[in-house]
Amino acid sequence: MKKIALILSMIMLVCGSAYADKKKKLNEDTDKFRYDIEYCKTASDGMVMVKVWSYSKKADLAMEQSRKNAVHGVIFRGYTGTTAASSQRALVSDPTIESVKADFFTAFFGEDGPYMRYVSTIMDGSAEVRKVGKVYKVGVVVTVNKDMLRKHLEEAGIVRGLGSGF
């Protein structure tokens with residue numbers, strides 16, 4: 001009986017460390033925020049579908065990062081579409097705000113952080129996986145609730161409200 005308990009605890013330890021290593025690699029790739037973002041279509045009021053191309057040494061890690069990269073892209077990069085009406089500037093116009101408000105963004109983009117409330121993945125086989133050199137480039141279509149995201153950033157003092165003037 002002791003041998004079985006010992007074997008089970010060893011298996012749990014190995015599985016736990018493998019999961020921790022995966023999360024560590026995921027966070028390392030996230031800290032770099034290597035991605036491209038492009039407009040797909042407007043989903044409904046305040047919602048937008050974008051395609052995010054995430055880069056990682058493992059395709060599954062890049063796919064997991066797609067939601068975080070989409071929110072980051074809407075906040076800091078914006079996206080382009082085929083027309084001027086389908087393009088969106090970044091919600092944050094000050095490029096230094098990410099480092100100035102580092103505590104906020106570290107918590108916001110943390111594991112299961114608040115960013116998860118503003119994004120959902122479209123699971124209709126839309127993921128595209130390409131091998132580019134030594135890394136994978138994974139394209140995933142996600143929906144971002146940019147209006148609610150903007151409201152959250154306004155309440156946190158990250159961006160000015162639309163009615164605050166110039």
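Modeller: Let's start with a pair: Val48 has Val144 as its bridge partner in β5. This is a predicted model, where local features need pLDDT of at least 70, side-chain atom pairs count only at pLDDT 80 or more, and totals for chains, interfaces and linings use all residues. Residues are numbered from 1 along each chain as its sequence is written, and side-chain values use heavy atoms, with hydrogens and water left out.

Biologist: How many bridges join β2 to β5?

Modeller: Strands (E, at least two residues) and helices (H or I, at least four) are DSSP runs, numbered from the N terminus. Two strands pair if DSSP finds at least two bridges between them. β2 (residues 47–56) runs antiparallel to β5, and the bridges joining them number 10.

Biologist: Which residue in the turn between β4 and β5 has a positive phi?

Modeller: β4 (residues 128–132) pairs with β5 in the antiparallel sense over five bridges. The two strands form a hairpin with two residues between them, and the one with a positive phi of about 65° is Gly133.

Biologist: What separates the C-alpha atoms of Lys146 and Val71?

Modeller: Lys146 has its place in helix α5. Val71 is 75 residues apart from Lys146 along the chain, yet their C-alpha atoms are separated by 8.4 Å.
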